[in-house]
Amino acid sequence: MIDVGAENVGKIISKRAAEEIIPLSSAQRRLWVLEQLTPGKASYHFPLGVRLTGPLDTAVLEAALNKVIERHEILRTRFEDTDGEPRQVVLPTLKLPWDLKDISGLNP
């Protein structure tokens, strides 16, 4: 159990300034170092396939995914190397590139 102290109960966490430099967490730094050692290896990427059944409104799906990206800064975050020091850069906006391919005609 974490004791936040009575003086902190009900306080609102202020939003950080958009231009604030954000250092990497220790876990992010480890991944950044591994990427420097073996660029593009993608060892920590976890691809996932999802099977959707029934009719699909692709415009609604695209809007929903972009809304999630808009709401969560980490999905708009990239890492930048500034003089050998990594930092997080949160993009103000990011739209998911949408490239649909109909594969329904392929042999299972």
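Predicted model: local features only at pLDDT ≥ 70, side-chain atom pairs only at ≥ 80, totals over all residues.
**The hairpin**

Strand 1 and strand 2 run antiparallel and are joined by six bridges. Two residues lie between the strands of this hairpin, and Asp 83 in the turn shows a positive phi of about 55°. Here are two of the facing pairs:

| Residue | Opposite residue in strand 2 |
|---|---|
| Asp 81 | Pro 86 |

As a reminder, side chains in a regular strand alternate between the two faces of the sheet.

**The helices and a surface patch**

Helix 2 has 14 residues, which at 1.5 Å a residue should span 20 Å; the end C-alpha atoms are 20 Å apart, so the two values agree. Where helix 2 starts, Asp 57 places a side-chain oxygen within 3.2 Å of the backbone nitrogen of Ala 59.

Between helix 1 and helix 2 runs a loop that holds Tyr 44. Tyr 44 also belongs to a nonpolar surface patch of about 660 Å², together with Leu 31, Val 33, Leu 34, Leu 37 and Phe 46.

**Confidence**

The chain has a mean pLDDT of 84, with 92% of its residues at 70 or more. Helix 2 (residues 58-71) has the highest confidence, at 93, while strand 1 (residues 77-82) has the lowest, at a mean of 88.

Conventions
Residues numbered from 1 in each chain as written. Heavy atoms only, no water. pLDDT = per-residue confidence, 0-100. Helix = DSSP H or I, 4+ residues; strand = E, 2+ residues; numbered from the N terminus. Pairing = 2+ DSSP bridges. Patch = residues over 30% accessible without salt bridge, like charges linked within 9 Å, V, L, I, M, F, W, Y side chains within 5 Å. Areas by Shrake-Rupley, 256 points an atom, 1.4 Å probe, with all protein chains shown as cover. Salt bridge = Lys/Arg side-chain N within 4 Å of Asp/Glu carboxyl O. Expected span 1.5 Å × (residues − 1). Polar contact = N/O pair within 3.5 Å; in protein donor to acceptor, adjacent residues only side chain to side chain.
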